[in-house]
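Colleague: Could you take me through this model, one feature at a time, giving the general idea before the particular case?

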Amino acid sequence: GPGHPVHGIIMGQKGRRPIMNGKVLVTGATGFIGGGVDARLLAEGRPVRVLVRDPAGRDRRIRHGVEVAKGALEDDATLEKAIAGCRAVINLGALARACPRDPEDYFRINARAVEVMLRYAAREGVERFVHVSSVAALAPERYAEYPGISKRPSRYGLSKTASELLVRSYARAGRNAVIVR
């Protein structure tokens, strides 16, 4: 409904024209939030494309009626194809697991992929780029004090901070972008 956060991101304020028109790319659509976002877009009659690593093992959270783009966030060619023809991008995709095989994967997937998506979004003339980040991107001094918790940011948090800086730069260049935590 109108009080739901997805409503504000996608539809704008009650009585106003929608913020996003045309096809919307959703990354991270197999996640908890992504499933709600693609459902809302479909309910509003919007064409939706989702980026999925393995369409054959299609997650039940991927709705019927969406266009599926096969690929990974760390593959530039996949991102270029996924964004082509889209008027909006909602980036929910990220590496968040505690122990990735390679700690640099946080930066490859959470920051570099955003940089690549922003480049293709600018070239494609995307009307709105919504980047879903994390409270882990907040500076450590903003965290509440808890005994035994390090104030040192995690590699995940640093990668999300880097992605936010990229999105802010994109917006400062006059493009429509939103960061959601």
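Colleague: In which strand is Arg128 found?

Modeller: Before that, please note that this is a predicted model, in which local features need pLDDT of at least 70, side-chain atom pairs count only at pLDDT 80 or more, and totals for chains, interfaces and linings use all residues. Residues are numbered from 1 along each chain as its sequence is written, and side-chain values use heavy atoms, with hydrogens and water left out. Helices (H or I, at least four residues) and strands (E, at least two) are DSSP runs, numbered from the N terminus, and Arg128 lies in strand β5.

Colleague: Is Arg128 buried or exposed?

Modeller: Buried means under 20% relative accessible area, exposed over 50%, and partly exposed in between, with a 1.4 Å probe and protein chains only. Arg128 has 14% relative accessibility and therefore counts as buried.

Colleague: What does the side chain of Arg128 make a polar contact with?

Modeller: A polar contact is a pair of N or O atoms within 3.5 Å; within protein, one must be able to donate a hydrogen and the other to accept it, and residues adjacent in sequence count only if both atoms are side-chain atoms. Here the partner is the side chain of Asn176, at 3.0 Å. Although buried, Arg128 has no salt bridge, and the nearest side chain of opposite charge, that of Glu127, is 8.6 Å away. For charge, Lys and Arg count as positive and Asp and Glu as negative, while His and the chain ends are not counted.

Colleague: How should I read salt bridges, and how many does the count come to?

Modeller: Side chains of opposite charge can pair when their charged atoms come close. The rule asks for a side-chain nitrogen of Lys or Arg within 4 Å of a carboxyl oxygen of Asp or Glu, and by this rule the count comes to 12 salt bridges. One of these joins Arg155 and Glu104, at 2.1 Å from N to O. That pair links distant parts of the chain, with Arg155 in helix α5 and Glu104 in the loop between β4 (88-91) and α4, 51 residues apart. Another salt bridge joins Arg181 to Glu164, their closest N and O atoms being 2.7 Å apart. This pair too links distant parts of the chain, since Arg181 is in the segment after β6 and Glu164 is in helix α5, 17 residues apart. Arg181 is partly exposed at 46% relative accessibility, whereas Glu164 is buried at 2%. There is also a network of salt bridges that links Lys23, Arg49 and Glu67.

Colleague: Which residues of α5 are buried, and why do they line one face of the helix?

Modeller: An α-helix has 3.6 residues a turn, so residues three or four places apart point the same way. In α5 the buried residues are Tyr156, Gly157, Ser159, Lys160, Ser163, Glu164, Val167 and Tyr170. Seen down the axis of α5, they fall within an arc of 160°, so they line one face of the helix; the arc is that of the directions from the helix axis to the C-beta atoms.

Colleague: What do the buried residues of α5 pack against?

Modeller: With contact meaning heavy atoms within 4.5 Å, they pack against α4 (105-124), β5 (128-132) and β6 (177-180).
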